[in-house]
Amino acid sequence: MIIKSIEDLKEVKEKYVPLIKQRLGHRNGLGLTQILVCHGTACHSSESREVRRQLEQELIRRGLGDQTRVIKTGCFGFCQHGPIVMVHPGETLYCRVRPEDIRELVEKHLIGGQILDRLLYQNDSTGEKTPAIEDIRFFRAQSRIVLRNCGVINPEKIGEYIARDGYFALAGAVLHKSKKEVIETIKKSGLRGRGGAGFPTGTKWELAAAQDPHPKYVVCNADEGDPGAFMDRSILEGDPHSILEAMTIAGYCIGANEGYIYVRAEYPIAVDRLELAIGQAREAGLLGRGLFGTSFDFDISLRFGAGAFVCGEETALLHSVMGQRGEPRPRPPYPAQEGLWGKPTLINNVETFANIAAILRDGWEWYQGEGTSTSKGSKVFSLAGKINNTGLIEVPMGTTLRTIIFDIGGGIPGNKKFKAVQTGGPSGGCIPAECLDLPIDYESLKETGSMMGSGGMIVMDEENCMVDIARFYLEFSQDESCGRCTPCRVGTKRLLEILIRITEGHGEMEDLELLEELSYDIRDASLCGLGQTAPNPVLSTLRYFKSEYIAHVRDKRCPAGVCKALLDYSVDEEKCIACGLCAGVCAAQAITGAPKTPYRIDPEKCTRCAACVAKCPKQAIQKGIRKDVADLGGEAGIYAGAGGAENRATF
Amino acid sequence: MIQHGDPGETFREQKLPVKDKEKGRGALEKDRRSKQFADLDQLIGRYSREKGQLIRILQKAQEIFGYLPEEVQAYVAEKLEIPVSEVNGVVTFYSLFSTRPRGKYTLSICMGTACYVKGAQDLMDTLKEELNIDEGETTPDQIFTIKSTRCVGACSLAPILVANEDVHGRISPGELKGIIQTYRKGESVDHKKH
C-alpha cells in the first residue's frame, strides 16, 4: 500500500495499535499472548535467536500457536541480564533465558498461568525478585524519548512503527508546514548535537537550508567508534524507521533529495535492519519520488565504514562516504557549506535524528521543559565496565552521575570501591568520586575536564590503574591518528612513549610536566577533533589521580596492581602442587624448586612476563604490589630519552 | 577486455604461490580463481554506477578472495579507471582490509574499553602464547589468525572473543584454551556464555 496522506497512516496505525497497546500494559481483551524476545546485539550474542526458535517450536507443539505470538524487538537496555523475554499481558520480565528453559517457561507461565520465579530479575543486594519492569530500579529512574520504541516494537515491521505515531511528523511537515516553520521548531526546542560537541541542531539546519548550490545532501553519522559506546547501534537495531523519518524531514527542510547513512561494518545486525527498513519505506511510498503526493523526492542509501575511528569526525566521514581515505580537512568551509562532492551537506548523529520526530510530534515547548538550562531533552548512555547493570539507559539531562551509576547501574560488583567513570571515549576524561553529585550536561562535563561525547560511560573500580587507562586511550588515539597533521601524528606517539615509560617503571618526575606541556601543544595545534581531544584522558587523570602517577614514578609502585613491570609474583605455597610447569616456561630461569616442595620465584631474576601465571594449572601464582622498592642504584637519574630538563631541546 | 590475473606489469609477480608438487591442484586452483574474478566483475558492474562505492567494492572483494592481494587491488583500479595508488591508499587506510591471507578462523579479542578494564589484555596474552604467533599473524597451518578488534558493542558480555562471526562473551583465559581446542578440532563451539 502506498501511503499518500495522514488518513492512510491512520489506517495502518489502527491495524497495529491494539497489539502495541497491550505491550504498553493496556488490558484490552485482545485474547492474545505476546512474547517479546530481545534481539539486540548483546542478547543476540547470548543466543536469543535460539531462544525464539525453541519458543516458536514449543508453542506449536503445545497447540498454542494461534493465541500466542513471538515478537522480536530491539534492545531493552538491560543487557547484563540478557537474553530478555517479556510476556504480555502481565508485563512479566524474564532474564537470562536459556534455550533449555523454554519448555518449563511455556509449561508454567503460558499453560499453568503462573510466574516462573526462577527466571525473574533478582536484586543482587536485597535478593528480592521482581516480575514487573516498573519495580526494577534500573528502569524506574529512566525517561525514554529516543528509546521509546526500543523493546516495544518489532523493528522489522514498519506497521508497528506507524502505530507508535511513526511517520506522522514527516507527513505533518511535508503536507502542512513550511520548511522555515519546521526549522524554527527544532531551534526553539534547544536540541543540541548528540555526537559529542553539542552544536545547536536547528542552527545547523538553518545554515544548510540557506545555501544556494544544489544538489544538497543529508548524512547520518552512525560511525560509532568510541570503545564501550553502543547507543547508536541500539537505536538503529531497535528503531531504524525513526532515523529514516528524521532524515527525510531534514531533507525536506534543507532542500535535499538524497541521504546517506554512514554505518560501521562491525554492526551487521544494524545494517540488516536498516536495509530492511529502507526497503519497506520505499514500498510504502515513504521514501522515493513524490512523497505524500507532493513534488518532494527523497531517498536514502547506506555507506559503510571500514574500521577507522577518525571517520566519526565529520570532514573525514565525508571523504569516506565518497569512497576515499578518511582523512579530515580544516574547517571552514563547514560541511553545511561544502560537503559531499563540494555541495552543502547536513551531518547529524543518529541520536540527534532520533529526537526530531518526537519534538515535532509533541512540540518544542514540551522538549524545552526537559533537561537543564543549557542542555535540553534526554541523553542515552551506555553503561559498561565495572558496574552491575551493564546496558543502555536514557535519562533527562541534569541527572547526577550518582543516580546513573548507583541507582540505575546498581553500583560496583564484588563490593569494590568506585574509582572513576570515563565519559566521552578516547576524547573524554576520567571523572573521580568527588564529582559524583554533579548534574550532567554538556557544560558541566566539560568543566570536569571530560566531555559528553557520544555517551559511553565506563565505570572503573579500585583495581583499575589510572595511568594504565591513560596509556590505553593514548594507544588507541595514536593507532587511529590518520597521520595527516604532525601534532597529532607525532605528538600522540611521544605522549604514549612517556606513558609506557612510566608504567614500566622508568618514569622521572620531570615526565609529569612534560606530559602536561605536550598535551596542551597537541590540543592547540591539531587539525581535527581527534587530535585536539586525544590528550584529554592524560590531562584528566593527571588532574584527579596525580598521586597514582607519582607512585609509579617515584616509588616504582602501581597501587592498583595492574602495571606488570611494577608487580611482584609469588607462589602460594598452599596451592602449589610442585608440578614444575612454571619453571619450565620461565625464560629468565627465575623459578626454582624440586618435586614435592613448593616452587619459588626469585624477584631479582623475574622479568614479570607473567608467562608462569598463565601456565599454572592451580592458579597458585599471585601477582602483588611490589613491596620492596627497587633500588635503582646506578640506574637512577636521567637516562637517554627521559624527559629531564637537560634532555629537552632548547629553542 | 582485461585478462584475469594479468592486471599490469607492476604486479605480475604477486600471483598466488602454487606449489610445484601440487600441479593437479593447481588446475583446480585456477578454476577457482577465474570464478572469483567473474564474481568480482559482477560486483564491480553492480556498484560502479553509483558514485563513491570503492569501499563497498573492496569489502565485497575481500569477502570473495578472503583478503586483498595487490593483484586484486590493481584489477579493481583498472576496472574503475582510477589509479592503483588510490585503491591501495584506501586499502591501507582502513583496518577492515587485509593484504595478507588469513587463517580459517580469525580470532579477534575486543580491545574496547569495557573489555580492557575486564581483562582483555590477559586474554590476548594467553591467545598469543597458546598459538605462538603475534597479533596480526596467522599460524603456519593457516587455521588461526589473531587480531585485536575495536569495540563490537556487546559490552555487557565483556571480555569478548569474536571467532569469525561468532561472539563468545565473558570468557576467562582458561576457557579460551578450550575454545581454541574445539575450533582446532573443527567442531562447532557451543560455549556457555552464562
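How many helices and strands are there in chain B? Chain B has seven helices and four strands, where helices (H or I, at least four residues) and strands (E, at least two) are DSSP runs numbered from the N terminus. This is a predicted model, in which local features need pLDDT of at least 70, side-chain atom pairs count only at pLDDT 80 or more, and totals for chains, interfaces and linings use all residues. Residues are numbered from 1 along each chain as its sequence is written, while chains are lettered from A and ligands numbered from 1 in the order in which they are written.

**Chain B**

- From the N terminus on, the order of elements in chain B is α-α-α-α-β-α-α-β-β-β-α.
- Of the 194 residues in chain B, 33% are buried; a residue is buried if 20 or more other C-beta atoms lie within 10 Å of its own, exposed if 12 or fewer, and partly exposed in between, with C-beta atoms placed from the backbone.
- Among contacts in chain B with a separation of 6 or more, 58% join residues 24 or more positions apart; two residues are in contact if their C-beta atoms, placed from the backbone, lie within 7 Å.
- Chain B is divided into domain 1 (9-93) and domain 2 (105-184), with bounds that come from an automatic or database domain assignment.
- Taken over C-alpha atoms, the centres of domain 1 of chain B and domain 2 of chain B are separated by 29 Å.

**Contact between chains A and B**

- Chain A contributes 41 residues to the contact and chain B contributes 35 residues.
- On the side of chain B that touches chain A, α2 (54-65), α4 (84-93), α5 (113-117) and α6 (120-131) of chain B each supply at least two residues.
- The residues on that side of chain B comprise 18 nonpolar, 12 polar and five charged. Ala, Val, Leu, Ile, Met, Phe, Trp, Tyr, Cys and Pro count as nonpolar, Asp, Glu, Lys and Arg as charged, and the others, Gly among them, as polar.

**Domains of chain A**

- Chain A is divided into domain 1 (16-135), domain 2 (165-368), domain 3 (378-464), domain 4 (467-553) and domain 5 (564-633).
- The centres of domain 2 of chain A and domain 4 of chain A, taken over C-alpha atoms, are separated by 34 Å.
- Eight residues of domain 4 of chain A are in contact with 11 residues of domain 2 of chain A.
- On the side of domain 2 of chain A that touches domain 4 of chain A, the residues divide into seven nonpolar, two polar and two charged.

**Strands of chain A**

- β1 (residues 33-38) of chain A pairs with β2 (residues 68-73) of chain A in the parallel sense over six bridges, and Cys38(A) stands opposite Thr73(A) in β2(A). Two strands pair if DSSP finds at least two bridges between them.
- β1(A) also pairs with β3 (residues 85-88) of chain A, in the antiparallel sense over four bridges; the bridge partner of Gln34(A) in β3(A) is His88(A).
- Six of the six residues of β7 (residues 217-222) of chain A are buried, so this strand is largely enclosed by the rest of the structure.
- Tyr217(A), Val219(A) and Asn221(A) point one way from β7(A), and Val218(A), Cys220(A) and Ala222(A) point the other way.
- β7(A) runs parallel to β10 (residues 345-349) of chain A, paired over five bridges, with Tyr217(A) opposite Thr345(A).
- β7(A) is also joined by six bridges to the parallel strand β8 (residues 258-264) of chain A, where Gly259(A) is the bridge partner of Val218(A).

**Helices of chain A**

- In α11 (residues 240-254) of chain A, 15 of the 15 residues are buried, so α11(A) is largely enclosed by the rest of the structure. Gly255(A), with a positive phi near 85 degrees, follows α11(A).
- In α23 (residues 546-553) of chain A, Glu548(A), Tyr549(A), His552(A) and Val553(A) are buried. They cover an arc of only 130 degrees around the axis, which puts them on the same side of α23(A); the arc is that of the directions from the helix axis to the C-beta atoms.
- Lys546(A) and Ser547(A) are exposed on the face of α23(A) turned away from its buried side.
- The buried residues of α23(A) pack against α18 (466-480), α19 (486-503), α20 (509-525) and α22 (536-544) of chain A.
- Leu512(A) lies in α20 of chain A and is buried, with 20 other C-beta atoms within 10 Å.
- Not counting residues up to four places away in sequence, Leu512(A) touches Leu542(A), Tyr549(A) and Val553(A).
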